[in-house]
Amino acid sequence: TVRNPHSVDRYTGGSSSGPAALVSSGLCSGAIGTDGGGSVRIPSSLCGIVGLKTTFGRTDMTGVVCDAGTVEVASPLTSSVEDSVLLYSALAGSRPMDKLTLRPSLLCVPNLVSSENSKILQSVKVGKYTEWFHDVPDNEVSNTCEDALNLLCSTFGCQIEEIILPELEEMRTAHLVSIGSEAFSDMNAHYQAGRRTEMTLDTRASLALFKSFTSADYVAAQCLRRRIMYYHMEAFKKVDVIATPTTGMTAPKIPPSALKGESDYVVSAKLMQFIFAGNLLGLPAI
C-alpha cells in the first residue's frame, strides 16, 4: 500500500499509485502509468500533480499487461503541465501492428510561452453539468473546483455553458463490464497457468467478479457505449471541454486492515465517479 507523500496515513489512489508518489515526492519529474479507469488521473489528483489520460490509440501499449483492451492507455504523470507536454510528446505514437486504432495524425502541442497563446482560451467554451458537478459527499470538493473554474474564466476569458449528460449510471456500468471483461481476458491465462499466488487477494476478488460477466453483458455494454458517445458528441457541439472534479472525495485515510490488500468498492466508486467518460469513450482527460 503506497503512502501519500503529503500525508502518510492516507491513500495515494490507484492504480498507478507508485508513479504518483514518486513524482509528488520529487524523486523524479515524470513517470508513466496506465489509465483504464482513472488510474493516472486519480492518484495525480490525490497527490497534487498533473495526470494526463491520453486519447485512445495515441500511445504505444507494448509491454502493458492488458495491451489489447479498448479502455486503457499508457499516460504520463508529471509535476507540471510543461513536463506533461514534454513527456506526452516523447510517448506519442502507435505501433505498426496495432489493429485496434487508426493511424493518428501528427502530434500538435502548444507553445506555452508564446505570447500568441495568451488569449487562446477566450474562445473556449467549458461545459458544466451542475447537478453532476456538485454530486459529492463533501461540498468542499465541488466548491473548490467551482472556485478554480471561476478563476480560469475570470483570468483567461473562457465561458461556462450549462450542459446535460444523460445516463451517467449506465455509463458507469458499461465501463465496469468493458474493463472487467477485458482485464479478465488478459489475466486469466496467467491465473490458470499457476501464477495465482503472485496476485494479491484484492486482485483475485476483482477477477472473480469480472469472471461473472457474460458475452451478452459485454455486447450490451458496447451498445451503451455507442449511445453515450452520441450524448457526448451532442454536448461537444456546444462546448469544447467538459469540466468536473477529478474525484468525488479527498484522499481517504488508510485503515490498518487494508495494509495487506483490500477491495473497497464504495471508496473506489467515489474516487472514480467522474472519470468514466475518458476511458469508455476514448477521450483525452487531465
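Two strands are said to pair if DSSP finds at least two bridges between them, and the close-up views that follow apply this wording to a predicted model.

**View 1. An open antiparallel sheet is formed by three strands in the order β3-β5-β4.** The edge positions belong to β3, residues 30-35, and to β4, residues 50-51, and each of these strands pairs on one side only. Between β3 and strand β5, which covers residues 73-78, there are six bridges, and the two strands run antiparallel. One place at which to look across this pairing is Ala31, which stands opposite Leu77 in β5. Helix α3, made of residues 81-91, lies across β3, β4 and β5, and its direction makes an angle of about 150° with that of β5.

**View 2. A parallel open sheet is formed by three strands in the order β7-β6-β8.** Because β7 and β8 (241-242) stand at the edges with a single partner strand each, one side of each is left without a neighbour in the sheet. Strand β6, residues 125-128, pairs with β8 in the parallel sense over two bridges. Along this pairing Val126 stands opposite Val241 in β8, and Gly127 has Ile242 of β8 as its bridge partner. The pairing of β6 with β7 is parallel as well and extends over four bridges, with Lys125 standing opposite Gln159 in β7.

**View 3. Strands β1 and β2 form a hairpin, with two residues between them.** Strand β1 consists of residues 3-4, and it pairs with β2 in the antiparallel sense over two bridges. Within this pairing, the bridge partner of Asn4 is Ser7 in β2.

**View 4. The loop between β2 and α1 contains Ser15 and Ser16.** For this loop, β2 spans residues 7-11 and α1 spans residues 17-24. Most peptide bonds are trans, but the peptide bond from Gly14 to Ser15 is cis, with omega near 0°. When residues up to four places away in sequence are not counted, Ser16 touches Gly33, Thr34, Ser39, Val40, Pro43 and Leu77.

**View 5. Val40 lies in the loop between β3 and α2, the latter being residues 41-47.** With a relative accessibility of 0%, Val40 counts as buried. Which residues is Val40 in contact with, once its neighbours within four places in sequence are left aside? They are Ser16, Gly33, Thr34, Asp35, Gly51, Leu52, Ser75, Pro76 and Leu77.

**View 6. Glu167 is placed in the loop between β7 and α6, where β7 covers residues 159-162.** Most residues other than glycine have a negative phi. Glu167, by contrast, has a phi near 60°, which is a positive value in a residue other than glycine. Glu167 is partly exposed, with a relative accessible area of 21%, and the cut-off matters here because buried means under 20% relative accessible area.

**View 7. The second largest pocket holds about 1800 Å³ of space.** The lining of this pocket is made up of 48 residues, and those closest to its centre are Gly14, Ser15, Ser39, Asp202 and Ser206. Gly14 and Ser15, named in this group, are also the two residues joined by the cis peptide bond. The elements that give two or more residues to the lining are α6 (168-195), α7 (201-211) and α9 (265-271). Which of the elements gives the most to the lining of the second largest pocket? That element is α6, with nine residues. In terms of residue type, the lining divides into 21 nonpolar, 20 polar and seven charged residues.

Terms used. Residues numbered from 1 in each chain as written. Predicted model: local features only at pLDDT ≥ 70, side-chain atom pairs only at ≥ 80, totals over all residues. Heavy atoms only, no water. 1 Å grid on protein atoms, 1.4 Å probe; cavity = no way out; pocket = protein on both sides within 12 Å on 5 of 7 lines; lining within 4 Å. Points joined across faces, edges and corners; volume = space filled by probe spheres on them. Nonpolar A, V, L, I, M, F, W, Y, C, P; charged D, E, K, R; others polar. Contact = heavy atoms within 4.5 Å. Axes fitted to C-alpha atoms, helices over the stretch in contact; angles between N-to-C directions. Buried < 20%, exposed > 50% of the residue type's maximum accessible area, 1.4 Å probe, protein only.
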